[in-house]
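Hi,

Here is the structure I promised to pass on. Have a look at it first, then read my notes below.

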Number of protein chains: 2
Amino acid sequence: MSDDLFAGLDKCAANFVPLSPVSFLQQTAHTHADRTAIVYHDLRLSYAQMHDRVARVTSALAARGIGAGDVVSIMAPNVPAMLEAHYAVPAAGAVLNPINIRLDAATVAYILGHCRAKLILVDPDFLDVVEQARAAMDAPPDVVVVADPAAGAGVPEGAVTYDDLLREGDPETSLMLPADEWSPIAINYTSGTTGDPKGVVYSHRGAYLNATANALTFGMDAWTNYLWILPMFHCSGWSHTWAVTLAGGTHICLRQVAAAAIFDLIVDERVTHCCAAPVVMNTLIHADPSVIRRPTARVKIATGGAPPSSTVIAGMEDLGFSVTHLYGLTETYGPATINAPDPESDAPLDERARQMARQGIGHPLLTDYRIASPETGAPGARDGDALGEIQLRSNTVMMGYLQDPDETARAFAGGWFHSGDLAVHHPDGMLEIKDRLKDVIISGGENISSVEIEEILTRHDAVMEAAVVAAPSEKWGETPCAFVALKAGAKVSGDDLVDHCRAHMAGFKVPARVVVVDELPKSATGKIQKYELRQRAAEMVDAKP
Amino acid sequence: MSDDLFAGLDKCAANFVPLSPVSFLQQTAHTHADRTAIVYHDLRLSYAQMHDRVARVTSALAARGIGAGDVVSIMAPNVPAMLEAHYAVPAAGAVLNPINIRLDAATVAYILGHCRAKLILVDPDFLDVVEQARAAMDAPPDVVVVADPAAGAGVPEGAVTYDDLLREGDPETSLMLPADEWSPIAINYTSGTTGDPKGVVYSHRGAYLNATANALTFGMDAWTNYLWILPMFHCSGWSHTWAVTLAGGTHICLRQVAAAAIFDLIVDERVTHCCAAPVVMNTLIHADPSVIRRPTARVKIATGGAPPSSTVIAGMEDLGFSVTHLYGLTETYGPATINAPDPESDAPLDERARQMARQGIGHPLLTDYRIASPETGAPGARDGDALGEIQLRSNTVMMGYLQDPDETARAFAGGWFHSGDLAVHHPDGMLEIKDRLKDVIISGGENISSVEIEEILTRHDAVMEAAVVAAPSEKWGETPCAFVALKAGAKVSGDDLVDHCRAHMAGFKVPARVVVVDELPKSATGKIQKYELRQRAAEMVDAKP
């Protein structure tokens, strides 16, 4: 007997396993081998089959030289390969980098280069963009095409395909868990506050815990049928790429967001859960009545990016959905706080919508959050009135920004993650966002960096200064609206500058309008007053005939 | 920029927090400050109030010299202090040791001495036993009495009470998280296979993960009202002491298991979840009709220790409950596998009972389990036929046995935890226990070590050899039945030996009968054939008039 009472109680293989979402697939293939894991058109894969396919891809990647710490990118819609990559890539010891399919070649090239991608899995419809990106790179990644009969484009002659990986691979390959759970599993790029996208790095531990928290708060279990409306390239699908598997539920894949397909899948596949930006909910509500079908049991739909309006909540309730409002950032693996409808509430719609507009309370595994002065770090009062930056501290906060120690240090200053969102903290614990520190525009669920657009505008010879803000948009939630001051004597129209933008950035980032002004409004210290520009942008929308 | 792609992504206060159930109370007091945390008779405490009380007790313990690695025992029924101790003790850096309230003074003394308890919290009704135990010790722990008007006994003059701790303590004290999540949080003693109880040590990490898994599989949320029928001293209440808090649900305390009180609380407090041994469910089913009250919504009840029979399932369904069958051991923080009723099943009762008798599939955070040869470790087939020992590998397996490196090494041999239960593994993933390697008798939900009873029997002058096995019992599930061979020429009756047992062990362990035989059945190698004795014990029960 040792004198130290707790001597000899060491970690061993029986009682310590690194936390990794890869284990979710191992476990569910063990506990629910015959349950349906994936549905996509006529394809139905059981968890045993999904595990078999993932093992094959894992071993094929290894055979192609992908190993510990290598980055594998993927540019694809919500198809089975996109989901499987969330397991096969980390199970090979590598790191997954999902790329937003709406990005332009220059940005894709920047991302591939920045994270030193060794290989990219590409859907045929995005092969052109990827090839343009590769042409601009010194050390472009290898390409594997994810063939899909439902894609618009075909597979080029001689291309290596995902099916080749499935054929090459050995289904008996063991999925590898990381030796250290504090290892990167994914890099999701965010536009953030500066022009260049930042690579947000997720750890196996953080992904495991955020997925678990989301399965818990969203009430997932083995009878969950999850419809993939939310793109998986957004924060690893808000961690649901892993959470649904953990719960033993079914992933229902969806290539393209279209009302008819969504209603059909919801009824035919008995969907229980889905996530969608407010713009998608609007599409469903205003869909042609001939395609609308009502589910037999109420479907939980979670939304984020913008608070759901009372019109949207009522419209979705009429369609048979129940709306949950989530708040989070790429840096928090997606959802960090949740505002779930109170099952015991019989408040009228307006009151419920007012409640639901708030960003909610921390999910059960979010360790701590507060509002605080972004400058001094002094915590704000929980009185529903004091304004402060939302700051978080949790295992479900990113490892940091890839190759960006300065931004990482700034984000974690004082031992809290700085969200850049200004909110009040209500006495009941809920956060409510009032304004944004960062100038990010959220349009149709996509983050658009105002700084990126400003940089491109100021590259135009005639432009002296540019400021881009969000204008409210019924369809997209927000759209970028630009204000520019011209160089002395220069002449250019707003429409010309819109064209200039269109030539230099992804289509969804192009400002709805560019307004030429004499001078941008500035504070005494010379800072552009974006608040004032936001008001003007909103007024212009209201004034529109 | 570093050449190592992932350089500089270090743990910091913003993105890494040691996993500890203590954080659940911090979080829920933050997110659900005004929700009811604890109900006990007229006492209703919000989570803010519970946090305040826990902080006071934490600081009072620290002021009384309790610090890192010290052990605080508690011997109490399911009263608020018992629940609060699960947070206050670890928040002081100490380790909680809940003691089964049915144990005798000698065993209590053994436990207190073995874990070197510095302080014990005691309910008045168990003060006598604790004082007897202390009298037998060289370095007895300090005593704090948990006064309770509902207890039979009063508080002795001059005793330090839990209310004193609440008065002494500072509610502003911060609850401490461990520096390392691989630190002990609790020691739960199990009778195990040898006479002396073994101290099963839980870590903060394991408790955090098992509580999370159980909240997930049992479907807990902020609207959960959990009735404390299951003793909290059993595997830290199957981790539910922590899981209910994590979910933001309400703990409804219950001092004594009595049908009328249970039905009243279920209806009046709108109970949604509870756990109970089969014997308790039988008590409810056969309760006096005048005390039976039916809940308005179906109540989930989880059971373990013995499979629920079709009679019990049907009886509980009639009463408005839905039965879930769990399997686990003290060594797995309680539930490790779960057999939940299939909401989509319309099978007849008999078929459902047959399904429900199985021990189920691993919960979502149980990393791996299998059946294997206990000798060679060769995995058994998943064919519903091959028999093997259930072996587990998971973060939700204990750190080891306190001060028992040999038993710890044996339990973890080959990198798997050896459960000692023999089962088949069905093709659908479910485990079904067929026999027991260890000779533990489970009576009324309590584990009784056959070896302990055998040792006490052989201490009697007349007894040469003793073997104790489980006999089926309608009321208790199992009861101990002893077979003894006497020394040459010695004479003693079975009833005398029952009396001998009663004088030397806790009442619930006393064998229902002691049978004197000429010779115990033995194998060729001289091993007592308990299998044969079990059959004879069962036949004697059947033959009983």
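Let's start with a term: a polar contact is a pair of N or O atoms within 3.5 Å, and within protein one of them must be able to donate a hydrogen and the other to accept it. Keep in mind too that this is a predicted model.

With that in hand, go to Thr408(B), which you'll find in helix H14 (residues 405-411) of chain B. Its side chain reaches the backbone oxygen of Asp404(B) at 2.8 Å. Thr408(B) has a relative accessible area of 9%, so it counts as buried, the cut-off being under 20%. If you skip residues up to four places away in sequence, Thr408(B) touches Gly400(B) and Tyr401(B).

Next, a pair of helices. In general, two packed helices are described by the angle between their axes and the distance between the axes. In chain B, the axes of helix H2 (residues 47-63) and helix H3 (residues 80-91) come within 8 Å and cross at roughly 55 degrees. That angle makes H2(B) oblique to H3(B), and the crossing is right-handed. On the H2(B) side, the contact is made by Met50(B), Arg53(B), Val54(B), Val57(B), Thr58(B) and Leu61(B). H3(B) brings residues including Pro80(B), Leu83(B), Glu84(B) and Tyr87(B). Sorted by class, the contact between H2(B) and H3(B) has 10 nonpolar, one polar and two charged residues.

Now for some backbone angles. Tyr333(A) isn't a glycine, yet it has a positive phi of about 55 degrees. Look for Tyr333(A) in the loop between strand S13 (321-329) and strand S14 (334-339) of chain A. With a relative accessible area of 0%, Tyr333(A) is buried. Over in chain B, Ser236(B) is also a residue other than glycine with a positive phi, near 50 degrees. Ser236(B) lies in helix H8 (residues 235-238) and is buried, its relative accessible area being 0%.

Last stop: Phe483(B), in strand S24 (residues 477-486) of chain B. Is Phe483(B) buried or exposed? It's buried, with a relative accessible area of 1%. Which residues is Phe483(B) in contact with, leaving aside its neighbours within four places in sequence? Among them are Ala466(B), Val469(B), Val515(B), Leu533(B), Arg536(B) and Met540(B). Glu465(B) is another one of these contacts; it sits 18 residues from Phe483(B) along the chain, and their C-alpha atoms are separated by 8.4 Å.

Definitions and conventions: Residues numbered from 1 in each chain as written. Chains lettered and ligands numbered in written order. Predicted model: local features only at pLDDT ≥ 70, side-chain atom pairs only at ≥ 80, totals over all residues. Heavy atoms only, no water. Axes fitted to C-alpha atoms, helices over the stretch in contact; angles between N-to-C directions. Helix = DSSP H or I, 4+ residues; strand = E, 2+ residues; numbered from the N terminus. Parallel < 35°, antiparallel > 145°, perpendicular 65-115°, else oblique. Left-handed = near helix turned anticlockwise from the far one by under 90°. Contact = heavy atoms within 4.5 Å. Nonpolar A, V, L, I, M, F, W, Y, C, P; charged D, E, K, R; others polar. Buried < 20%, exposed > 50% of the residue type's maximum accessible area, 1.4 Å probe, protein only.
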